[in-house]
Amino acid sequence: MSIFADPTAPRSIVRRDFLRQLSAAGTAALAAGAPRALASEAGGAVEHPRPTADACILLWMGGGMAAPDTFDPKRYLPYKPGLKVADMLSTFPAIDTAVDSIKICEGLENIAGVLDQGTLIRSHVQPDLGSILHSRHQYHWHTGYVPPQTVAAPHIGAWMSRVLGPRNDVMPAFINIGQRLEGVGESEELKAFTTAGFFGSEFGPMNLPYPDQAAVSVRPPKGMQAQRFADRNRLFRRLVDASPNRDFMSDYQQESMLRSMDSAYRLLSSRDRQAFDITREPKESFDRYNTGRFGQGCLLARRLVESGARFVEVTTEYVPFLHWDTHNDGHVTLQRMHREIDRPVAQLITDLQQRGLLDRTLVILASEFSRDALMEGQPGSNANDQATAKVDVLSELKHYGLHRHFTGGASVLMFGGGMKQGFLYGATAPERPLMAIENPVSIEDLHATIMTAMGISPQTGFDIEGRPFYVTEDGKGRAVQDLFA
């Protein structure tokens, strides 16, 4: 039996086995040949839907955003010593929004003001994967496949890059903003899904962990003259071709890596690189976004989409036990997270709308799962309790908050890209357990909805080393048509 099915396995053993299997899949991807597009059941090319969006921005709340403390408020009781944990559902009161029938949590007043332009899903559900690892659930959400897989599964941004291609030949089709992939916990697991997988390097992400330094990433070194820059590019290509890794790479993967270098070279030689320089933004606009790295990332995403990027992910950054990963002191932490996301998310929507871009840009705000004060996983789960504030009655403020992982009902916000406006879809139970009780939306169906909006059939697949691999797991995803305007 795989250790992933054993909920009693120590976390360190689960993580070690997870890393080993991810590494094996990554190595296999290097040796893979060119993926071949699969035909439809009728034998011809897969028929793609008419797109309602040309670009996609994913606002990723890495670490487990608690729906009852953000977009799905429940019964609220303020903090006081002696409060029973079993009585604690939401730790923020509900506030009105621009839609009379929808309330969200205090601290998100700016997002509340633009909710009439979006769709709020309150019934997003994830499978209970036993031993809950954030990076494992994030891998599942970003690729549509539960790890480990025998091949390296592509990120949804890589699917868009491969199937749709770039909107601007100079601009990278897939850009990832705000997540460090070195020097943080679980970095190897994060790298495993922040990739094009078997599609090859040319469809992978351009990683920009610090938005305020993005301009440096697309600027030749100071004093670098054009001829010297071109000579360096040719030399670097020869060094790559002579790399010891060449013996482990298929011709397709080698050529894909060289094509990615060509794309980078074109960008560094283009005026489009100015989109990466957020210091060029007028000060008043910059200040509206600037709540820190995430806010700056939202500004950068808007500038990149304006310049022709296809898919941009902006993350609050996943680092174990930081940000949304609230294993204690949840209420105080979420006060900070509300401040970090509220103004820039609303400003992004407002700017896209004012520039005439929102209709054709799909903006998604999501997380790998929600949180609960008592329950780990969902009813019936044997997942280990990972909360560090394990009390039955509150005696300190650090105990006040939702400190367990909950997969039975989460919230997703969607704006633009053909989605309905001022629309509420699905519901969770009003009392614990806060399971989705109306119109549950799985990861497969959410991905199918996103891909359909982008003009990609959920049944799109490729043959990779004799295995059919689809954009939604086994081609099972079905778009939620009720969400479309």
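**Entry 1: the largest cavity**

I looked up what lines the largest cavity and found Trp60, Gln138, His142, His155, Asn176, Gln179, Leu190, Phe193, Thr194, Glu313, Thr315 and Tyr318. I note here that the model is predicted. The space in this cavity is about 80 Å³. How many cavities of 30 Å³ or more are there? I get three.

Next I sorted the lining of the largest cavity by class. I find four nonpolar residues, seven polar and one charged. Then I asked which elements supply at least two residues of this lining. They are α3, α5 (187-193) and β8 (311-315).

**Entry 2: helix α3**

Is α3 mostly covered or mostly open? It is mostly covered, with ten of its ten residues buried. I wrote them down: His134, Ser135, Arg136, His137, Gln138, Tyr139, His140, Trp141, His142 and Thr143. Gln138 and His142 of this set are also on my cavity list.

I checked what follows the helix. Gly144 comes after α3, and its phi is positive, near 85°.

**Entry 3: α3 against α12**

I looked at how α3 (residues 134-143) meets α12 (residues 443-453). Their axes come within 9 Å and cross at roughly 40°. From α3, the contact uses His140, Trp141, His142 and Thr143. From α12, it uses Ile443, Glu444, Leu446, His447 and Ile450. By class, I have four nonpolar, four polar and one charged residues in this contact.

**Entry 4: helix α12**

Why is α12 largely enclosed by the rest of the structure? Ten of its eleven residues are buried, so the rest of the structure largely encloses it. The buried ones are Ile443, Glu444, Leu446, His447, Ala448, Thr449, Ile450, Met451, Thr452 and Ala453.

After α12 comes Gly455, with a positive phi near 85°.

**Entry 5: strand β12**

I picked β12 from that cover. Six of its six residues are buried, and the strand is mostly covered. Ala410, Val412 and Met414 point one way. Ser411, Leu413 and Phe415 point the other way.

Which sense does the pairing of β5 and β12 take, parallel or antiparallel? It is antiparallel, over five bridges. Thr119 stands opposite Met414 in β12. β9 also runs antiparallel to β12, and three bridges join them. Here Val363 stands opposite Phe415 in β12.

**Entry 6: cis peptide bonds**

I looked for cis bonds. One runs from Pro147 to Pro148, with omega near 0°. Pro148 sits in the loop between α3 and α4. Another joins Arg432 and Pro433, and its omega is about 0°. Pro433 is in the loop between β14 (427-428) and β15 (436-438).

**Entry 7: positive phi outside glycine**

I noted Phe321, a residue other than glycine with a positive phi near 70°. Phe321 lies in the loop between β8 and α11 (330-354). Is Phe321 buried or exposed? Its relative accessible area is 53%. Exposed means over 50%, so Phe321 is exposed.

Glu465 is in the loop between β16 (461-464) and β17 (467-470). At 58% relative accessibility, I count Glu465 as exposed.

Definitions and conventions: Residues are numbered from 1 along each chain as its sequence is written. This is a predicted model: local features need pLDDT of at least 70, side-chain atom pairs count only at pLDDT 80 or more; totals for chains, interfaces and linings use all residues. Side-chain values use heavy atoms; hydrogens and water are left out. Axes are lines fitted to C-alpha atoms, for helices over the stretch in contact, and angles run from 0 to 180 degrees between N-to-C directions. Helices (H or I, at least four residues) and strands (E, at least two) are DSSP runs, numbered from the N terminus. Contact means heavy atoms within 4.5 Å. Ala, Val, Leu, Ile, Met, Phe, Trp, Tyr, Cys and Pro count as nonpolar, Asp, Glu, Lys and Arg as charged, and the others, Gly among them, as polar. On a 1 Å grid over the protein atoms alone, a cavity is a set of points where a 1.4 Å probe fits but cannot get out, and a pocket is an open set with protein on both sides within 12 Å along at least five of seven lines; lining residues have an atom within 4 Å of a point. Grid points are joined across faces, edges and corners, and a volume is the space filled by probe spheres set on the points. Buried means under 20% relative accessible area, exposed over 50%, partly exposed in between (1.4 Å probe, protein chains only). Two strands pair if DSSP finds at least two bridges between them.
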